Amino acid sequence: MDIVYCPIGVPTFDLKVAGIQFDKSIKLLKSLDKNIIVPEKPLLAISDLNNYLDKINPSLIILQNLTFANSAYASEVIFAHKNCPILLWTLKEPVIDGTRLRLNSLTGAYSAANIMHNLKASNFEYIFGSPEDLNVAKKIKSCILAASIKEELKHTNIAAVGSTPQGFGFGRALDSEMASFFGVRLINIEARELMNKALNFKDEEAKEYLSDITCSCLKSESIDKKNLLNHSKLMRAYTEFTKENDIKILASRCWPDFFTEFGTPVCAVLSLLNDHGVSAACEADMYGALSMYIASYFTKKSCFFGDPVSLDIEENTITYWHCGMAAPSLSREPTLGLHPNRKMGPVMDFGLKQSDSATIFRIGRCVDATFRIFVSKAEILDKPKQFSGTSVVVKPKHNAQEIVNQSVLDGWEPHFVVSYGDISDEIKTFGKYMNIPVIEY
């Protein structure tokens, strides 16, 4: 994608000081992404700006008031690239000495924001500060990531393996809806097709995948050998399907079919896929899987997908759990076990490791077919598994009871992503760039 730096201004302010800020800004931007497109010189006339805009096809515009510029400059940017995300950057006035105003960047920002607001170009973010300011670098980086995931989704395939169980319709998605809102291409396949493919593999054809689970997880010897073999065949079927169709996101039906028809749960398959670069959710929750992919894109790590099952008011914690699905890389100790309800394995059976920073996140679908985003900052406590299956004890930065009460009243889906690291800024910026309202709890 093309990230474009647009330094606008007028020649009546201090061009020597502006030139210094221009050079420093480019140095900062190139340190964040060496491929950022920059002009040869500041854009100090509408004609210069338009010539520059005609030559670019941006995925993100960093619009900086190098000096004051009237609203006509921002108007030209909007007219040229109306749907492009923007970061509006105001420079701190470099010298305050009782003499002339060198840049007047802040007034220019108000002019730009006002016209963008009036033109309904709401997908812009804002930062104030000098190129040396660490908060400026952090904000620019989060905007680059948010714009890049928006662009990435346009080239991403998401797979629905089977349909949601009865009563879990909140996870269903239409191909047109996925394409129009997020740009992703939805591919559907019935769960039985992958089951049948797995059953047709000979035992020796699944050895590689059997070794994968026995080497990466403890207590494989406690699992029935036939179930381990069935898992490895199913793992091969899912892996080949994702590779053949370039799948990066997958939501799979799990119960009851894999217990009643296949005789082996799919939980461990989905768990391992997450560590192999495919964001995989169970219970066929498409928007849950999409949320996992976005979180993993920002953190470059697997993330957890689970139900909120327990609230400890005194400890101010919420426990998220699932019956046997989590990436082994997230575990305190990667251990296999039996499904708590079906008494069948292999499934993952462990508590998740500790983290000083974490983010609870979900893309939710509204009744009017629009979307909203849930985000909450937290930390993950060093706790063993709370129930059979996989679990993580999260301590939010705000009041846990209030978060639970309000999110229940607000009608959120019962699946959430818990990611390692504070990616709240990136998520909020992503929401802004996608025109999706973000609710921070």
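Which residue in β15 is the bridge partner of R365? I looked this up at the start, bearing in mind that the model is predicted. The partner of R365 is F371.

**Entry 1: β14, β15 and the strands beside β15**

Strand β14 covers residues 355-365, and nine bridges join β14 to β15 in the antiparallel sense. I noted that the two strands form a hairpin, with five residues between them. In that turn I found A369 with a positive phi of about 70°.

I then asked which other strands pair with β15. I found that β18, a strand of residues 438-440, pairs with β15 in the parallel sense over three bridges. Here V375 stands opposite E440 of β18. I also found three bridges between β15 and β16 (residues 390-396), this time in the antiparallel sense. In that pairing, E379 stands opposite K395 of β16. As background, I recorded that strands of a sheet pair through backbone hydrogen bonds, in either a parallel or an antiparallel manner.

Is β15 largely enclosed or left open? I checked burial along residues 371-380 and found eight of the 10 residues buried, so β15 is largely enclosed by the rest of the structure. The cut-off I applied for "buried" is under 20% relative accessible area.

**Entry 2: the sheet β1-β2-β3-β4**

I next traced an open sheet of four strands, whose order is β1-β2-β3-β4 and whose pairing is parallel. Its edge strands are β1 (3-8) and β4, each of which pairs on one side only. Neighbouring strands are turned against each other by 20° on average, direction ignored.

How many bridges join β1 to β2? I recorded six, with β1 and β2 (residues 60-65) running parallel. One of the positions I looked up was I3, whose bridge partner in β2 is L60. I then examined the helices on this sheet. Helix α14 (residues 424-433) packs on it and touches β2, β3 and β4, with its direction at about 135° to that of β4. Helix α3 (residues 71-80) lies across β1, β2 and β3 (86-90), and runs at about 175° to β2.

**Entry 3: the sheet β6-β5-β7-β8**

I found another open sheet of four strands, with parallel pairing, in the order β6-β5-β7-β8. Why is one side of β6 and of β8 left without a neighbour in the sheet? Both β6 (185-189) and β8 (279-281) stand at the edges with a single partner strand each, so one side of each has no neighbour there. I noted an average twist of 20° from one strand to the next.

For β7 (residues 247-252) and β8, I recorded three bridges and a parallel run. Within this pairing, I249 has S279 of β8 as its bridge partner. Helix α12 (residues 286-299) lies across β5 (157-161), β6, β7 and β8, and I noted its direction at about 150° to β8.

**Entry 4: a nonpolar surface patch**

Finally, I looked at the surface. Which residues form the nonpolar patch there? I listed L106, Y110, Y126 and F128, which together have about 420 Å² of accessible area. The elements giving two or more residues to the patch are α4 (105-118) and β4 (124-128).

Conventions:
Residues are numbered from 1 along each chain as its sequence is written. This is a predicted model: local features need pLDDT of at least 70, side-chain atom pairs count only at pLDDT 80 or more; totals for chains, interfaces and linings use all residues. Side-chain values use heavy atoms; hydrogens and water are left out. Two strands pair if DSSP finds at least two bridges between them. Axes are lines fitted to C-alpha atoms, for helices over the stretch in contact, and angles run from 0 to 180 degrees between N-to-C directions. Contact means heavy atoms within 4.5 Å. Patches are made of residues with over 30% relative accessible area and no salt bridge: like charges are joined within 9 Å, nonpolar side chains (Val, Leu, Ile, Met, Phe, Trp, Tyr) within 5 Å. Accessible areas come from the Shrake-Rupley method with a 1.4 Å probe; for residues, only the protein chains shown count as cover. A salt bridge is a side-chain nitrogen of Lys or Arg within 4 Å of a carboxyl oxygen of Asp or Glu. Buried means under 20% relative accessible area, exposed over 50%, partly exposed in between (1.4 Å probe, protein chains only).
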